[in-house]
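Me: I am new to this structure and would like to understand how its descriptions are reached. Please take me through them with the definitions beside the values.

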Amino acid sequence: MMHTVEQPYISIQNIGKWYPYKNAGRIQLFGAKSHVKAVDNVSLTINRGEILGVIGESGCGKSTLGRLLTRLEDPTFGDVFIGGVSTTAMVKKDNLAFRREVQIVFQNPFDTFTPRDIIQQILLRPLENHRIGSSTAERLEICRKALNSYGLRPVDDILARYPHELSGGQLQRISILRAMLLNPSFIIADEPVSMLDMSVRADIVNMLVDLARVHHAAVVFISHDIALTRYISDNVAVMYLGRIVERGKAEDVLQNPLHPYTQALLSNCTSIDPDANNEIIPIAGEPPTPIDPGPGCYFAPRCIHACDACFREYPSTVEKENGHTAACRLLY
């Protein structure tokens with residue numbers, strides 16, 4: 001009997017976002033144009049119920065990737081497939097249906113909501129837009145149950161408040177609940193707890209994980225907090241200058257990093273393992289620029305292992321045990 005291999009639910013195929021860059025002081029020969037390569041040929045897969053953590057330094061392209069996945073920005077090239085269906089085609093056919101399928105939780109909960117609306121209006125609006133519930137009373141009951149289930153009480157008092165009358169933790173809980181009311185199959189959480197007090201971060205993260213598991217949703221968790229990403233994620237992708245340089249199971253990547261950038265990143269993170277006594281690996285050189293990087297490895301100018309070949313050609317991705325991959329000549 002032949003067995004078919006189950007296809008991943010989310011397939012990100014060679015997606016990129018290049019912004020034209022104009023520099024008045026730079027002569028462009030033969031009409032050549034410079035580009036800011038915010039996201040550059042990213043390919044990833046995510047299964048339903050899986051949480052993929054995306055980590056990297058500020059400016060590496062994580063948030064731009066999140067905006068591409070939710071179609072808040074259109075890619076310069078490449079596409080994302082959900083259940084085998086192109087999101088480009090989904091948006092063209094029925095943008096409202098796509099918005100119900102894919103939801104994003106932003107970094108700053110205070111920028112998420114219209115300040116003139118009370119929480120009841122904020123929660124009811126997406127239910128009305130997507131025709132969930134047959135009446136206002138039924139929709140309001142859906143909202144009440146959701147708030148009560150995750151400790152946002154007294155419910156009627158919360159519903160009657162304006163966003164500025166609630167704490168950041170309360171607002172981020174409501175932001176997550178609002179997204180989950182639509183029962184999405186794909187969620188992007190872009191630094192969802194970085195602006196919150198340490199005392200409430202664990203509760204927010206546990207709530208997100210719980211809801212994602214209940215809804216069996218695929219989740220991209222974008223963060224620069226490596227310890228938190230390790231705690232929440234099934235798999236991890238490491239991003240550097242718009243590209244994925246390493247990917248694998250969270251424990252494999254964070255316990256046994258293959259790429260020099262990942263090794264340096266982890267060595268400078270004191271919070272990942274309090275008992276570890278790792279030597280800090282310096283990242284030399286000037287901070288990178290996403291303006292026409294390459295042609296070689298983007299990390300080569302700062303890498304202590306770089307050879308001449310690293311500057312000439314971008315390395316191929318090498319797969320090791322357990323699906324652990326990295327793009328580095330040291331692995332050839």
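Me: What makes up the accessible surface of the protein chain, and how much of it belongs to carbon and sulfur atoms?
Reply: In this predicted model, where local features need pLDDT of at least 70, side-chain atom pairs count only at pLDDT 80 or more, and totals for chains, interfaces and linings use all residues, the accessible surface comes to about 16,900 Å², with 50% belonging to carbon and sulfur atoms. Such areas come from the Shrake-Rupley method with a 1.4 Å probe, and for residues only the protein chains shown count as cover. Residues are numbered from 1 along each chain as its sequence is written, and side-chain values use heavy atoms, leaving out hydrogens and water.

Me: Why does the radius of gyration of the protein chain agree with a compact globule?
Reply: The rule, taken over C-alpha atoms, is 2.2 Å times the number of residues to the power 0.38; because 332 residues would give a value near 20 Å and the protein chain has 22 Å, the two agree. Along its principal axes, the C-alpha trace spans about 70 × 60 × 55 Å.

Me: What share of the residues counts as buried?
Reply: Buried means under 20% relative accessible area, exposed over 50% and partly exposed in between, with a 1.4 Å probe and protein chains only; by that cut-off, 50% of the 332 residues count as buried.

Me: Which residues does Leu123 contact beyond its neighbours within four places in sequence?
Reply: With contact meaning heavy atoms within 4.5 Å, Leu123 meets Cys143, Leu147, Leu159, Ile174, Arg178 and Leu181, those neighbours left aside.
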